[in-house]
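Good morning, and thank you for the time. Please look at the structure on the screen, and I shall go through selected sites and pockets in turn.

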Amino acid sequence: MSKQLSTKFGDYGGMYVPELLIPALDQLEQAFLNAQQDPDFQQEFKSLLNDYAGRPTPLTKTRNLVSNPKVTLYLKREDLLHGGAHKTNQVLGQALLTKRMGKTQVIAETGAGQHGVATALACALLGLKARIYMGAKDVERQAPNVFRMRLMGAEVIPVNAGSGTLKDAVNEALRDWSASYQDAHYLLGTAAGPHPFPTIVREFHKMIGEEIRAQILEKEGRLPDALVACVGGGSNAIGAFADFIDTPEVQLIGVEPAGKGLHTHEHGAAIAKGTKGILHGAYSYIMQTPEGQIEESYSVSAGLDYPAVGPQHAYLHDIGRATYESVTDEEALNAFQLLARKEGIIPALESSHALAHALNMADAAEEETLIVVNLSGRGDKDLAHVQQFLKGDTHNG
Amino acid sequence: MDRYAQMFQRLESEKQGAFVPFVTLGDPDVETSLAVVEALVAGGADALELGIPFSDPIADGPTIQKSAIRALEKGVTPRDCLAIIHRIREHHKDIPIGLLLYSNLVLAPGIDEFYRLAAEAGVDSILIADVPIREAEPFMAAAKTHGIQQILIAPPNASQATLQQIGELSSGYTYLLGRAGVTGTETAADMPASDLISKLHDVGAAKPILGFGISKPEQVKAAIEAGAAGAIAGSATVKIIEQHLDDKAMMLTRLSEFVAGMKSATNK
Ligand SMILES: Cc1ncc(COP(=O)(O)O)c(C=O)c1O
């Protein structure tokens, strides 16, 4: 066996799962380590990313969005990736690992449906059978994505338990996996969960940051002052940050969903308002009661509606390498509309959180500032939901 | 001698295996739960395995999930659960009482404090469903400090290295998984588990009690014939609570009958 990866980021992370799942996680770690050393695997992954998914994605300088002349704002256009969000990157990587392990089925959870769509497309392409757990509430608010997944041959299983959102979909996927690990890979969709998922997901998304570095150097001749990404479980953010962690002059900013406000209970800001604990196999910041029961999160954006955060973000927060801010539903909805009107780009509600924070920074900037926002996905999936909101109908399922 | 060792010694002399029912504490409410546990003991339970309800029980199937929800909807807290155990312990000095729960409930008050409170309530063993051996160190240290036995799980897919660790570290009993998957009677335990049982014996593990997918006396009999020291039935027991929520007297009668039926299958 080649050497094992570290299972923790400081105190965070780990493998807090039933003993039964340990062999499956060890097998995954081994397959990943071997694949990272295998030029054929790397070649196949790269060619799928480039020729199928459309990498590299552009880095677009906004023209009209920012009124402060001292500020230059770029968008990393993961919205243009096949599937409509960054999710496709790491899904292709894990789908290849699934085949490498000789497994024929894929289990996934999805919130916004973007990870489900990415999983469905990769499984259609690579001949894998996909079953995707989705909270019943999310099935409702992300209906177009449910149809997309089904069109591409995936089975979508609504989860009614608990809050009927992402957290409950993860629970159900883990339960399925504990009975099916021999033939099925659990293709976890964010940089959370037990080791080795946070590491694998980061490594399979880190081209986002590598491309940003090369593109901004080419366009501006310097690195950005700040890199801003939304944080649900943390995959698009860690993919954008990874290449810059050892470049301290670039400020890394994660944006959590403040929902109806951090003073309410209706938000999903695990770092800002949560406490340390274990959810879904990892020790991290989570939203919980004093007794340790997990609290339900809330966000207008299904993809950020998760009461925990990936362990590496908890670590980056504690050591001060990244800062974590939050943005309300209302601010995100405003940014959503503003980008559509000013630049002709309709962002995902998730990504609108990152954008909203960048716009707040831009308003406040007194010096020359170069900001890159990771525009993690496009907003097609959110149109009906946003339309409802804008009609003044605040019913959100 | 600890209560599990005493129990196994007694059973040995009576030529019997152990039958251990599981229920979620506080299901359907604190007072009924106390009566439920009394009914299990009255039916002839050799030991008790008691769950603390958790919001996100990833190792549990629908039946035990629902029992946790019933308790949580009544506002049952871990402290309420330990208070129930305290009351049971006052009436039953010798019966081994095991706690089965999830790691975040242990972390909330602090690992050491949780084990201290559990020991004070009269708990003999703790099994944490989402703490595998490789994460168990701080939990086992607290267990040692407070005289509690940390129960380890032997899954059917355990590697030789894992079995070796169970041999070194297990105490009380070893929770032998009858099959992969989550709790529930939807899928029966695979029998016989004799291969895994003899491997556990070879590494010197604490006596194995078979759980997951056990709902019938024949399965208890088969488990004991395969060399297990006993059997645990969770979902099947909890199902009886679920089926008689509007008739508590019937619930308690049926629970005692169920335990008696399962217990009668433990003769060697
Ligand atoms: C477009 C988009 N951005 C962000 C997220 C949040 O996930 P993560 O924090 O893993 O990037 C999602 C999740 O569904 C998404 O669809």
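Predicted model: local features only at pLDDT ≥ 70, side-chain atom pairs only at ≥ 80, totals over all residues.

B:Asp60 touches A:Arg175 of chain A, and within chain B it touches B:Gln65, B:Tyr102, B:Val182 and B:Thr183, residues up to four places away in sequence not being counted; contact here means heavy atoms within 4.5 Å. The residue lies in the loop between S2 and H3 of chain B. Helices (H or I, at least four residues) and strands (E, at least two) are DSSP runs, numbered from the N terminus. B:Asp60 counts as buried because its relative accessible area is 9%; buried means under 20%, exposed over 50%, and partly exposed in between, with a 1.4 Å probe and protein chains only.

Residues are numbered from 1 along each chain as its sequence is written, chains are lettered from A and ligands numbered from 1 in the order in which they are written, and side-chain values use heavy atoms, with hydrogens and water left out. Chain B averages a pLDDT of 96, and 99% of its residues score at least 70; pLDDT is the predictor's confidence in each residue, from 0 to 100. For the complex, the predictor gives an ipTM of 0.97 and a pTM of 0.96.

Which residues carry the UniProt feature "active site"? The unreviewed entry places it at B:Glu49 and B:Asp60. UniProt positions follow the numbering used here, feature names are shortened, and annotations may be inferred rather than shown by experiment. B:Glu49 is found in strand S2 (residues 48–51) of chain B. At 1% relative accessibility, B:Glu49 is buried. Its contacts beyond four places in sequence include B:Tyr4, B:Phe22, B:Leu100, B:Leu127 and B:Tyr173.

In chain A, the unreviewed UniProt entry annotates A:Lys87 as "modified residue: N6-(pyridoxal phosphate)lysine". A:Lys87 sits in the loop between strand S4 (71–77) and helix H3 (88–100) of chain A. Is A:Lys87 buried or exposed? It counts as buried, because its relative accessibility is 18%. Leaving out residues up to four places away in sequence, A:Lys87 touches A:Gln114, A:His115, A:Ala118, A:Gly189, A:His205 and A:Ser235.

The largest pocket has a volume of about 520 Å³. Of its 28 lining residues, the closest to the centre are A:Glu172, A:Arg175, A:Asp176, B:Gly61 and B:Val182. A pocket is an open set of points on a 1 Å grid over the protein atoms alone, where a 1.4 Å probe fits, with protein on both sides within 12 Å along at least five of seven lines; lining residues have an atom within 4 Å of a point. Grid points are joined across faces, edges and corners, and the volume is the space filled by probe spheres set on the points. H7(A) gives the most to this lining of the largest pocket, with 5 residues.

The second largest pocket has a volume of about 420 Å³. It is lined by 26 residues, and those closest to its centre are A:Gly162, A:Lys167, B:Ser55, B:Ile69 and B:Leu72. H7 of chain A and H3 of chain B each supply at least two residues of that lining of the second largest pocket.
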